[in-house]
Amino acid sequence: MKHHGPIKIGARRSLPEETRDSPPEENGTSVTTRPDGAPEAPRAQHRTKYLALLGALVALVVAVSAGIYVTAAAGDHTRGGTLADDRPHHGSAAPVSTGTWVGSWASAPVGGEPGTETAGLAGHSVRNVVHADAGGTSARITLSNLYGQTPLDITHATLALSAGDATAAADADTMRRLTFGGATGVVIPAGEQVVSDAVHLLIPHDTDVLVTTYSPTPSGPVTYHPHAQQTSYVAAGDRTEDSTGAPYTQQTPYWRYLTALDVLSNEADGTVVVFGDSITDGITSTVDANRRWPDVLGDRLRSALAGGQRLPRYSVVNEGISGNQVLADGLGRPAENQSGLGRFGRDALSRTDVKVVVIDLGINDILRDPRLDGPDRILTGLRTLVREAHARGLKVVGATLMPFKGHRGWTPAREAVRQQINAEIRAGGVYDAVADFDKALRDPYDPRRLRPDYDSGDHLHPSDLGFATMAKVFDLRTLKGGGQTEL
């Protein structure tokens, strides 16, 4: 079954017109006269008795309806549950408090995980560790079966704050059982995704969150994101509500099924989506340290706001995929590592309350195009992304392409294409605003190379210091006007 988002519950139905009380007559009485002109006895007492009887009848109907509703709601929470019915359900779906729903973390689905083609991860609990950018008072998640060949049966899912850094242990007091349309389980058709109901949980910004799912039946291949630069965990059996972390003996460098964590936030009014390739994905950043450049950008924006700077209150989410290109898809159906053009609507435009898109894409098109017929096709593709964003009223900030001399794929011809693309970007012919990462990270003694301390060692991807510098030189003022671009 397909779910399109949290279901609102608890709304009261209006009484039918014929059962509503009529306006009282003046003084609550009605007087008539006999033929001889003498007044009849007042009918106030009769009317009072009638209204009292009617009120009692209405109260009885409401009470019976409420009992039916509570019984039905309790039944909705039994599917897939492994705990006894008399145990607390740890904050299942409920009306949420005020704030703005924003993206706090996100990751693009990349492909089907090798080795899971038949069984998937049947009989195992998958505990994804993700890092929340914005804090909030409630949360919801998105699970994807984009690359599955059969329906994915999730019978149990939980969300909790991590008990510490780089651990599968959870803060037991924060453990929340997730529901989907009021049920503890959900079946996600092949190629589809589902959004959970919201749960109450105070999530501080800049903290690790554990999202755990359990599937009892084969459902491969598993939709995943490699190169997470974050350690997650797997346990045999249904251990979704285990807070000790002890059963999670298997570590993994992947994120599985999970593609988004949204929060109901009072500290952010919208979302910035950073859309790119392995440089945005942070493939060479330190594992479990959250030093990808979008992570650092989110921290910097939050610090600037705390310091009193007048800037938009936005969260930042990362939609980078290692090896991603503007124009070319990977293999398979659906295509793995889908092109920027193909995935832009799903991974950027459809993010929660997106206001600004930052694009850092194009270097893989230069490296992997055997024809290398100049910059025009790449520039056309980038401009198409910008037009699609503008059609949604979104602002687009674009990055210049950084140098890569010394990398095995570098040639003078490819360097020439990079320079031509950067010249067009700097001239304002592509984006609404520009982040000049090329200028900030190139070697002043050889501008075709990364500066040595900004180079991870492969001469293409930045080091942690390089990523930090990218976030530092990003002009936060370019985020102003997000969601207000002239169409």
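Residues count as buried under 20% relative accessible area, as exposed over 50%, and as partly exposed in between (1.4 Å probe, protein chains only). The structure is a predicted model, in which local features need pLDDT of at least 70 and side-chain atom pairs count only at pLDDT 80 or more, while totals for chains, interfaces and linings use all residues. Residues are numbered from 1 along each chain as its sequence is written, and side-chain values use heavy atoms, with hydrogens and water left out.

The protein has 487 residues, of which 51% count as buried. Its secondary structure comprises nine helices and 23 strands. Helices (H or I, at least four residues) and strands (E, at least two) are DSSP runs numbered from the N terminus. Contacts are defined by heavy atoms within 4.5 Å. Of the contacts with a separation of 6 or more, 81% join residues 24 or more positions apart.

Confidence is given by pLDDT, the predictor's score for each residue, from 0 to 100. The average is 85, and 79% of the residues score at least 70. Residues 1–54 are one of them, with 45 contacts beyond four places in sequence. Residues 57–94 are also under 50, with 46 such contacts. Where pLDDT is low, predicted coordinates should not be read in detail.

Q250 lies in strand β14 (residues 250–252). At 40% relative accessibility, Q250 is partly exposed. Beyond four places in sequence, Q250 touches S232, Y233 and V234. Y233 and Q250 are 17 residues apart in sequence, and their C-alpha atoms are 5.6 Å apart.

R351 sits in the loop between α4 (340–349) and β19 (354–360). R351 is buried, at a relative accessible area of 12%. Leaving aside neighbours within four places in sequence, R351 contacts A106, T259, A260, V273, E319 and R346.

Helix α4 also packs against α6 (residues 376–391), at an angle of about 30° and with the axes 10 Å apart. The two helices are therefore roughly parallel, a class for angles under 35 degrees, with over 145 roughly antiparallel, 65 to 115 roughly perpendicular and the rest oblique. Axes are lines fitted to C-alpha atoms, for helices over the stretch in contact, and angles run from 0 to 180 degrees between N-to-C directions. In this contact, G340, L341, F344 and L349 of α4 meet G381, T384, L385, E388 and A389 of α6. These residues divide into five nonpolar, three polar and one charged. Nonpolar covers Ala, Val, Leu, Ile, Met, Phe, Trp, Tyr, Cys and Pro; charged covers Asp, Glu, Lys and Arg; the others, Gly among them, are polar.
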